[in-house]
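Here are some notes from a pass through this one, jotted down point by point. Have a look at the model before reading on.

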Amino acid sequence: MKISNLIVDKKACSDGVWVNWIQGVKLKIARFYNPKHVALSKELSRPYRDAMNNGGEIPREKIEEMATECLAKTILLDWKGMEDDDGIEVPFSQDKALELLTMIPDMADFVSAMANSANNFRQSALENASKN
């Protein structure tokens, strides 16, 4: 395999890429550990640093809450084709993203998996997708 096929597009890692989810819904997803994700993760965990440095742990519920907030604010960047139960398009917002990611764990799992997959952000994959 060519080394150039392994390189990720750093702009796409921060700006996100469109991926198909279910029933025509597309999600724009940034890569885990992009600069905004790292900064927010540090900010949210700051109140727990002293406890962690002294052998304590962050409660599991708080970890899940912080992870979901990070997904909603720094990983899931937009969507297309999301509708409410009356068929009305739901515009993207971070608040709505947080609500849906909390309410639909499978959505959070999908966003996490896509954000963690380097293949979604590889330069060659992005070039091929733009040709199609």
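1. Which residues in the largest nonpolar core touch the most other members? Bear in mind that this is a predicted model. The core holds 27 residues, and those with the most contacts to other members are Leu27, Ile29, Leu76, Trp79, Met82, Met107 and Val111. At least two residues come from each of α1 (10-15), β1 (17-20), β2 (26-29), α4, β3 (76-80), α5 and α6. The top contributor is α6, which puts in five.

2. There's also a second, separate core, made of five residues, with Leu40, Ile58, Met66 and Cys70 among them.

3. Now the largest pocket, whose volume comes out at about 510 Å³. It's lined by 19 residues, and Glu64, Ala67, Thr68, Leu71 and Ser112 sit closest to the centre. Sorted by class, the lining has 10 nonpolar, five polar and four charged residues.

4. Where does that lining come from? Helices α2 (35-45), α4 (60-75), α5 (94-103) and α6 (105-116) each provide at least two residues. With eight residues, α4 gives the most.

5. A polar atom of the serine 45 side chain lies 3.3 Å from the backbone oxygen of lysine 42.

Notes: Residues numbered from 1 in each chain as written. Predicted model: local features only at pLDDT ≥ 70, side-chain atom pairs only at ≥ 80, totals over all residues. Heavy atoms only, no water. 1 Å grid on protein atoms, 1.4 Å probe; cavity = no way out; pocket = protein on both sides within 12 Å on 5 of 7 lines; lining within 4 Å. Points joined across faces, edges and corners; volume = space filled by probe spheres on them. Helix = DSSP H or I, 4+ residues; strand = E, 2+ residues; numbered from the N terminus. Nonpolar A, V, L, I, M, F, W, Y, C, P; charged D, E, K, R; others polar. Polar contact = N/O pair within 3.5 Å; in protein donor to acceptor, adjacent residues only side chain to side chain. Core = buried A, V, L, I, M, F, W, Y, C linked by side-chain atoms within 4.5 Å. Buried < 20%, exposed > 50% of the residue type's maximum accessible area, 1.4 Å probe, protein only.
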